[in-house]
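Biologist: I would like to learn how to read the packing of helices and the backbone of a model like this one. Could you take me through it feature by feature?

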Amino acid sequence: MRIGVIGTKWGLMHVGAFRAAGAEVVALCGQHEAHTREVADREGIALATADVRELCAAVDAVVVASPDALHRAHVEAALDAGCAVLCEKPLALTHEDAAALVERARYAKCPCVVNFPYRMLPPLRALRAWLREHRAHHLVITVRNGFVPTEVLEPGARVGRSADFGGVSHLLDAVLWLTGASPSWVQASLSGRPVHTAALQVGLSSGAVLVLTHASSPEPGLHGGWSLLGEDWEAGFSGGFIPAREGWCVSPVRCFESGAWWDLAPGLEPRPGEREPWAQAHVETARRFLGMLGQPPRVDAELASVEEAALVQRILSAALASEDGGRRILLD
């Protein structure tokens, strides 16, 4: 299976993932041809180009890991060329672009899915299975993110290079995936231009309420805590990227039920001789994506469909509208 990757930065994570999954990465596309050739030579990739159409003509499937603002054009180009598509999160820069991609993918002959690696982390997969029998009433997530850009790009612009405020889409998709619910309303308070601190409340179709705080932090890395509360139970874990450990770490998932604490799932941490956990999550995504190819049109239920990714984008759009209007936004 011939894979082409659009993006010379985060795209390299997908180069390693697809190779580990048994695919051949034969083409790399970047914005600057000379730099793309340099990266391709270093990675042993035959075709280096700045022309997306040239890449699409040379491969069977395309990974879109370009800047958010280019996702729509690159996904459409790949689908027009008859290629299967794995798009990096978020699906697009705006909800309107995401909705347009939903319509375009609906008539595509090849699968189109979105990369949300939280779905591939074993502790979260165990939690999702447990939640099928346990209804959450409240979900509280607090994340400090040292990777969120805080520089002012232009006066008044709330959305900068990242359409998801530096990573909020990861968390929103994980919540919807864990609970199997859909959003019904959003209320938000956003700070920064572009947004670097987001405080969101999201009402879910299950009746649960998500309280999410995602803030820029001077501390390097990404650190977060999750707490889920039910009528007579509690579950939680912490995790994130720890620079000192050179990788992704997740604590054991702990539950309180029937008067006692117990571990639902073991944690994750980088170990010598093993693939770093976040990189391994990308390998699992690549394996599942490859498993869809050559089959009747379908989407692996564990991967995010464009419809699911567009729903996440709808929440982000509603958060902007809530901040601008100072009110709760009801979703269709």
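Modeller: Two packed helices are described by the angle between their axes and the distance between the axes. Here helix H1 (residues 11-20) packs against helix H8 (residues 277-292) at an angle of about 60°, the axes being 8 Å apart. Axes are lines fitted to C-alpha atoms, for helices over the stretch in contact, with angles from 0 to 180 degrees between N-to-C directions, while helices (H or I, at least four residues) and strands (E, at least two) are DSSP runs numbered from the N terminus. This is a predicted model, in which local features need pLDDT of at least 70 and side-chain atom pairs count only at pLDDT 80 or more, whereas totals for chains, interfaces and linings use all residues. Residues are numbered from 1 along each chain as its sequence is written, and side-chain values use heavy atoms, with hydrogens and water left out.

Biologist: How are H1 and H8 oriented to each other?

Modeller: They are oblique, therefore, H1 to H8, given that angles under 35 degrees count as roughly parallel, over 145 as roughly antiparallel, 65 to 115 as roughly perpendicular and the rest as oblique. The crossing of H1 and H8 is right-handed, a term for the near helix being turned clockwise from the far one by less than a right angle.

Biologist: Which residues of H1 meet H8?

Modeller: From H1 come Met-13, His-14, Ala-17, Phe-18 and Ala-20, and their partners in H8 include Trp-278, His-282 and Phe-289, where contact means heavy atoms within 4.5 Å. The residues of this contact divide into 10 nonpolar, two polar and one charged; Ala, Val, Leu, Ile, Met, Phe, Trp, Tyr, Cys and Pro count as nonpolar, Asp, Glu, Lys and Arg as charged, and the others, Gly among them, as polar. The buried residues of H1 are Gly-11, His-14, Val-15, Ala-17 and Phe-18, buried meaning under 20% relative accessible area, exposed over 50% and partly exposed in between (1.4 Å probe, protein chains only).

Biologist: At what angle do H7 and H9 pack?

Modeller: Helix H7 (residues 168-179) and helix H9 (residues 306-325) pack at about 120°, with their axes 10 Å apart, and H7 and H9 are therefore oblique to each other. Their contact is made by Val-168, Ser-169, Leu-172, Asp-173 and Leu-176 of H7 with Leu-311, Val-312, Ile-315 and Leu-316 of H9.

Biologist: What should I look for in the backbone?

Modeller: Most residues other than glycine have a negative phi, and most peptide bonds are trans. In this model a cis peptide bond joins Lys-89 and Pro-90, with omega about -15°, and Pro-90 is placed in the loop between strand E5 (84-88) and helix H5 (95-106). Another cis peptide bond joins Arg-193 and Pro-194, with omega about 0°; Pro-194 lies in the loop between strand E8 (183-191) and strand E9 (197-204).

Biologist: Is Phe-165, with its positive phi, buried or exposed?

Modeller: Phe-165, although not a glycine, has a positive phi of about 60°, and it is buried because its relative accessible area is 3%. Ser-258 also is not a glycine and has a positive phi of about 55°, but Ser-258 counts as exposed because its relative accessibility is 73%. Phe-165 lies in the loop between strand E7 (138-145) and H7, and Ser-258 is found in the loop between strand E14 (253-257) and strand E15 (260-265).
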